[in-house]
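Here are my notes on the side-chain and helix contacts. Please read them with the coordinates open.

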Amino acid sequence: MRQEELATLLERAEAIRRELEIYTAAAVQDARHRGEKWEAVAKAAHVAPETARARWGSERVARMMDLHANEKRAAPARWRGSASSQLSNASEDTFVDLGGETMSPASQLASALTQLQTASGLTIREVAEQTMLSPSFISRVLSGDRLPTWDLTCSLAVLFGADPAELRVLFEVAHGMTAQGRQPLASAISQLHAAVRGLHLAAKSPTAERIELLSGKAVSALQARRVLGGIDIPDWEVLAALVCALGGRPLDFKPLWEAVHYTFLMCDDPSGPEGKAHIPLPGEEP
């Protein structure tokens, strides 16, 4: 492994650390099932009893195991409808549109920018004047023939009255960039919701009812509305089906979902009803 890049080595080390975290939790769970008291667990782990109870409580360990099982699953096994066969045959270099159309990552970004430009009412010439670029260059960016830099992507989003964060994942995938590391909970939640909204925009903003049909009813219209509205972070299978229905690749969104749920695992009560994370809207009771 000496010839491997540092980033690869650190990624492997992180994977090992997570496996050890699961192993430790499972060992403590087994000990508890054998009748071990928290005091004995704490002594063996060299921590306080309160710390042991908070770190390896039965509900938390169960959630850790569920998340671990999802990560190890080669492909979601419970997706329904015609989506499954299309997903299994999809290339990693193209997005899948369950309506029958395929788009490259560059085309996804261009589609989102085009939707924003159309909604803004600005002509290509006006955009060119505002950005001090040629109309032909702007036209190539909006058609997907040229990949914009992140600075230009942000400038265009602001010019069109949109949030650049909604285009971040589309931009990174189009440029072949790797996902960022773990972030604070608020940032992770915000980035995940923004990424889904950006993908929704690139898919030409289908209605929630249309998403339900495209997903083979793996995602209900209500679930689609709540995720796009920034209210819920659903189970992975629902989010993956939503991403596919919008023509995206689940593997590009998995790190964002994991970043949120890793932080939830470190909280006392990470799950809302039915295991779904709920983010209260302003004025709503948490």
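1. Start with R55 and W56. The charged end of R55 sits over the ring of W56, 5.4 Å from the ring centre. Bear in mind that this is a predicted model.

2. R168 lies over the face of W150, at 4.2 Å from the ring centre. W150 also has an aromatic partner, F171.

3. How many aromatic pairs are there? The count comes to 2. A pair of aromatic rings is described by the distance of the centres and the angle of the planes. For W150 and F171 the centres are 5.1 Å apart and the planes stand at 55°, a tilted pair.

4. Which parts of the chain does the W150 and F171 pair tie together? W150 belongs to helix α9 (residues 150-159) and F171 to helix α10 (residues 168-174), so the pair joins parts that are 21 residues apart in sequence. Is F171 buried or exposed? F171 is buried, with a relative accessible area of 5%.

5. The other pair is W236 with W257. Their ring centres lie 5.7 Å apart and their planes meet at 55°, so this pair is tilted. W236 sits in helix α14 (residues 236-245) and W257 in helix α15 (residues 250-265). The pair thus links distant parts of the chain, 21 residues apart. Both W236 and W257 are buried.

6. Back to α9. Which of its residues are buried? They are L152, T153, C154, L156 and A157. The cover over these buried residues includes α6, α7 (124-131), α8 and α10. Just after α9, G161 takes a positive phi of about 75°.

7. Two of the covering helices, α6 and α8, also deserve a look as a pair. Helix α6 (residues 105-120) packs on helix α8 (residues 135-143) at an angle of about 120°, with the axes 7 Å apart. That angle makes α6 oblique to α8.

8. Which residues make the contact of α6 with α8? On α6 they are A110, L113, T114 and Q117. On α8 they are V141, L142 and S143. By class, the contact has 4 nonpolar, 3 polar and no charged residues.

Definitions and conventions. Residues numbered from 1 in each chain as written. Predicted model: local features only at pLDDT ≥ 70, side-chain atom pairs only at ≥ 80, totals over all residues. Heavy atoms only, no water. Axes fitted to C-alpha atoms, helices over the stretch in contact; angles between N-to-C directions. Helix = DSSP H or I, 4+ residues; strand = E, 2+ residues; numbered from the N terminus. Parallel < 35°, antiparallel > 145°, perpendicular 65-115°, else oblique. Contact = heavy atoms within 4.5 Å. Nonpolar A, V, L, I, M, F, W, Y, C, P; charged D, E, K, R; others polar. Phe/Tyr/Trp six-rings, centres within 6.5 Å; stacked < 30°, edge-to-face > 60°. Buried < 20%, exposed > 50% of the residue type's maximum accessible area, 1.4 Å probe, protein only. Lys NZ or Arg CZ within 6 Å of the ring centre and 35° of its normal.
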